[in-house]
Amino acid sequence: MTQNTQRHPFLDDLNEDVTLVSSVLRGELTGRDQVLKVVKAAGGLYRSQTPTFLGHADDRMFFQYEADLGNGLTASGMVSIIRDDNGGVSRLHIAFSPLGAVLSIAERLKAAVSGDLDADLFL
């Protein structure tokens, strides 16, 4: 994936009660619609995205990438995708670094979804 118009293949497999944990959130977010809203909005912040690793271990898939945030910052992202016995995604853990990128993503994401989600959820 090199463009933010391409979608992550796991998004179609999210369970209704999927949980998202992220370095840009103060707590867990549960529910397919809310998780989709956050993941899509975050992806919309990237000018470009370059995959650096994709691997599997048991019921987990790991996806690592570099993202140009378009504001002079670059973020390293790591996504851990956990699937249940039926193949549905039950849990996502999305971590970013370095701290400046984390704070930038959190601030911009908060503004992007502020009408739909509690602003206190974000850093």
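**View 1. Strands E5 and E6 pair in the antiparallel sense.** Strand E5 covers residues 74-83 and strand E6 covers residues 89-97. Eight bridges join them. Two strands count as paired if DSSP finds at least two bridges between them. Strands (E, at least two residues) and helices (H or I, at least four) are DSSP runs, numbered from the N terminus. Ser 80 stands opposite His 93 in E6. Gly 77 has Phe 96 in E6 as its bridge partner. The two strands form a hairpin with five residues between them, and there Gly 87 takes a positive phi near 90 degrees.

The model is predicted: local features need pLDDT of at least 70, side-chain atom pairs count only at pLDDT 80 or more, and totals for chains, interfaces and linings use all residues. Residues are numbered from 1 along each chain as its sequence is written, and side-chain values use heavy atoms, with hydrogens and water left out.

**View 2. Strands E4 and E5 form a hairpin.** Strand E4 (residues 60-68) pairs with E5 in the antiparallel sense over nine bridges. Glu 66 stands opposite Ser 76 in E5. Five residues lie between the two strands. Gly 70, in the turn, has a positive phi of about 75 degrees. Is Gly 70 buried, partly exposed or exposed? Gly 70 counts as partly exposed because its relative accessibility is 35%. Buried means under 20% relative accessible area, exposed means over 50%, and partly exposed is in between (1.4 Å probe, protein chains only). The C-alpha atoms of Gly 70 and Ala 41 are separated by 15 Å, and the two residues are 29 apart along the chain.

**View 3. Gln 64 sits in strand E4.** Gln 64 is partly exposed, with a relative accessible area of 28%. Which residues does Gln 64 touch? Leaving out residues up to four places away in sequence, Gln 64 touches Pro 51, Thr 52, Phe 53, Gly 77 and Met 78. Contact means heavy atoms within 4.5 Å. Leu 54 is ten residues from Gln 64 along the chain, and their C-alpha atoms are separated by 6.5 Å.

**View 4. Six strands make an open sheet.** The order is E2-E1-E6-E5-E4-E3, with mixed pairing. Helix H2 lies across E5 and E6, and runs at about 120 degrees to E6.

**View 5. Helices H1 and H2 pack together.** H1 spans residues 32-43 and H2 spans residues 99-113. Their angle is about 120 degrees, and their axes are 10 Å apart. H1 is therefore oblique to H2. Axes are lines fitted to C-alpha atoms, for helices over the stretch in contact, and angles run from 0 to 180 degrees between N-to-C directions. Angles under 35 degrees count as roughly parallel, over 145 as roughly antiparallel, 65 to 115 as roughly perpendicular and the rest as oblique. Lys 37, Val 38, Ala 41 and Ala 42 in H1 meet Leu 109, Ala 112 and Val 113 in H2.

**View 6. Ser 104 lies in helix H2.** Ser 104 counts as buried because its relative accessibility is 10%. Residues up to four places away in sequence aside, Ser 104 touches Leu 69, Asn 71 and Leu 73.
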